[in-house]
Amino acid sequence: MEKLKQQLISHEGHERTVYMCPGGYKSIGVGRNLEQRGLTDDEINYLLNNDIAYFTAQVEKHIDTSKCNPARKAVLINMAFNLGIHGLLNFKKTLAAVEQGSWEKAAIEMFDSRWAVQVGERADQLAEQMKTGEWYDA
């Protein structure tokens, strides 16, 4: 099996981002044709778990979440997932309110952004979750 993997990598390449294969299909990794084969539910879940772990670590590294309960911390992770950590870090007033434990102010500040307009209902749900500290079931 290891020899086959090495051979396939040699023939197909090893790409971390989407690329167009010689056949004209969007592909990723070692020749995974995203248009014809896509991803299985297990693969999607694996990627999601990795992304949640990554963004959780980023949030914990850059933001003092010590006053957050799990639902409020999840709001920050959700926003980092959507915006990237650097995008989230631009929410300076929101993050200052979070670090002070001023939940209503943090929720209000979330709406003072282009992001809130772009994501609509997502912003409404996350702001409510930040304000109340209760999970908003989407």
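How many aromatic pairs does the structure hold?

A: This is a predicted model, in which local features need pLDDT of at least 70, side-chain atom pairs count only at pLDDT 80 or more, and totals for chains, interfaces and linings use all residues. Residues are numbered from 1 along each chain as its sequence is written, and side-chain values use heavy atoms, with hydrogens and water left out.

The structure holds three aromatic pairs; rings of Phe, Tyr and Trp (its six-membered ring) pair if their centres lie within 6.5 Å, and planes under 30 degrees apart count as stacked, over 60 as edge-to-face and the rest as tilted. One of them joins Phe 91 and Trp 115 edge-to-face, with 5.8 Å centre to centre and 85° between the planes. This pair links distant parts of the chain, 24 residues apart: Phe 91 lies in the loop between helix 4 (85-89) and helix 5 (92-100), and Trp 115 in helix 7 (residues 114-119). Helices (H or I, at least four residues) and strands (E, at least two) are DSSP runs, numbered from the N terminus. Both Phe 91 and Trp 115 are buried, that is, under 20% relative accessible area with a 1.4 Å probe, protein chains only. Elsewhere, ring pairs join Tyr 54, Phe 55 and Phe 81 into a cluster.

As for the whole chain, buried residues make up 34% of its 138 residues. Its secondary structure comes to eight helices and three strands, in the order α-β-β-β-α-α-α-α-α-α-α along the sequence.

Conventions:
Buried < 20%, exposed > 50% of the residue type's maximum accessible area, 1.4 Å probe, protein only.
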